[in-house]
Amino acid sequence: MLHSLKNAAAFWFYLLALLLLAGLILVKNGILMLTLPAFLHSLDLPVIIAALIYGASALYLSLSRGKTSVVLGAIIGVISLALLGFLLYLNFAFTPQALIAI
């Protein structure tokens with residue numbers, strides 16, 4: 001089951017990241033400047049979540065070596081949630097205009 005979760009997270013990560021990259025290229029070239037930036041601002045969080053699920057499941061599968069380990073899963077889960085919290089803070093605490101000024 002964990003292999004299926006890892007594969008699904010990888011699929012969504014690659015799909016969403018490709019859409020995000022294509023959207024950024026379109027905005028940079030001046031195409032769809034009115035509607036696309038709002039879509040791009042809402043797409044970064046699903047990419048982050050899919051990447052964390054994929055990374056955490058791949059790390060668990062590589063470290064557990066086919067055995068079930070609740071402690072390892074809890075440690076990876078806590079670290080992933082802390083990283084998600086930090087990335088959410090960075091995403092909402094700093095506006096794009098504030099980042100440009102830095």
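The conversation below goes from the whole chain to single residues.

Student: Before anything else, what kind of model is this?

Tutor: This is a predicted model.

Student: How many helices and strands does the protein chain have?

Tutor: The protein chain has four helices and zero strands. Read along the sequence, the pattern is α-α-α-α.

Student: What radius of gyration does the protein chain have, and what would a compact globule of 102 residues have?

Tutor: The protein chain has a radius of gyration of 17 Å, whereas a compact globule of 102 residues would have one near 13 Å. Along the principal axes, the C-alpha atoms fill a box of roughly 50 × 25 × 15 Å.

Student: And what share of the residues is buried?

Tutor: Buried residues account for 20% of the 102 residues in the protein chain. The accessible surface is about 7,400 Å², and 77% of that surface belongs to carbon and sulfur atoms.

Student: Let us move to helix H3. Which residues does helix H3 cover, and what should they span?

Tutor: Helix H3 comprises 24 residues, 70-93. At 1.5 Å a residue they should span 34 Å, and the end C-alpha atoms are 34 Å apart, so the two values agree. The expected span counts one less than the number of residues.

Student: Which residue caps the N-terminal end of H3?

Tutor: Serine 69 does, with a side-chain oxygen 3.2 Å from the backbone nitrogen of leucine 72.

Student: Which residues of H3 are buried, and what do they pack against?

Tutor: The buried residues of H3 are Leu72, Ile76, Ser80 and Leu84. They pack against helix H2, residues 36-64.

Student: Staying with H2, is histidine 41 buried or exposed?

Tutor: Histidine 41, which is found in helix H2, has a relative accessible area of 52%. Exposed means over 50%, so histidine 41 counts as exposed.

Student: How far is histidine 41 from asparagine 91?

Tutor: Their C-alpha atoms are separated by 9.3 Å, although the two residues are 50 apart along the chain. For the protein chain in general, among contacts between residues at least 6 apart in sequence, 62% join residues at least 24 apart.

Student: New topic: how many aromatic pairs are there?

Tutor: A search of the whole structure finds two. One of them joins phenylalanine 11 and tryptophan 12 in an edge-to-face arrangement, 5.3 Å centre to centre with 75° between the planes.

Key:
Residues are numbered from 1 along each chain as its sequence is written. This is a predicted model: local features need pLDDT of at least 70, side-chain atom pairs count only at pLDDT 80 or more; totals for chains, interfaces and linings use all residues. Side-chain values use heavy atoms; hydrogens and water are left out. Helices (H or I, at least four residues) and strands (E, at least two) are DSSP runs, numbered from the N terminus. Buried means under 20% relative accessible area, exposed over 50%, partly exposed in between (1.4 Å probe, protein chains only). Contact means heavy atoms within 4.5 Å. A polar contact is a pair of N or O atoms within 3.5 Å; within protein, one must be able to donate a hydrogen and the other to accept it, and residues adjacent in sequence count only if both atoms are side-chain atoms. The radius of gyration is taken over C-alpha atoms; the globule rule is 2.2 Å times the number of residues to the power 0.38. Accessible areas come from the Shrake-Rupley method with a 1.4 Å probe; for residues, only the protein chains shown count as cover. Rings of Phe, Tyr and Trp (its six-membered ring) pair if their centres lie within 6.5 Å; planes under 30 degrees apart count as stacked, over 60 as edge-to-face and the rest as tilted.
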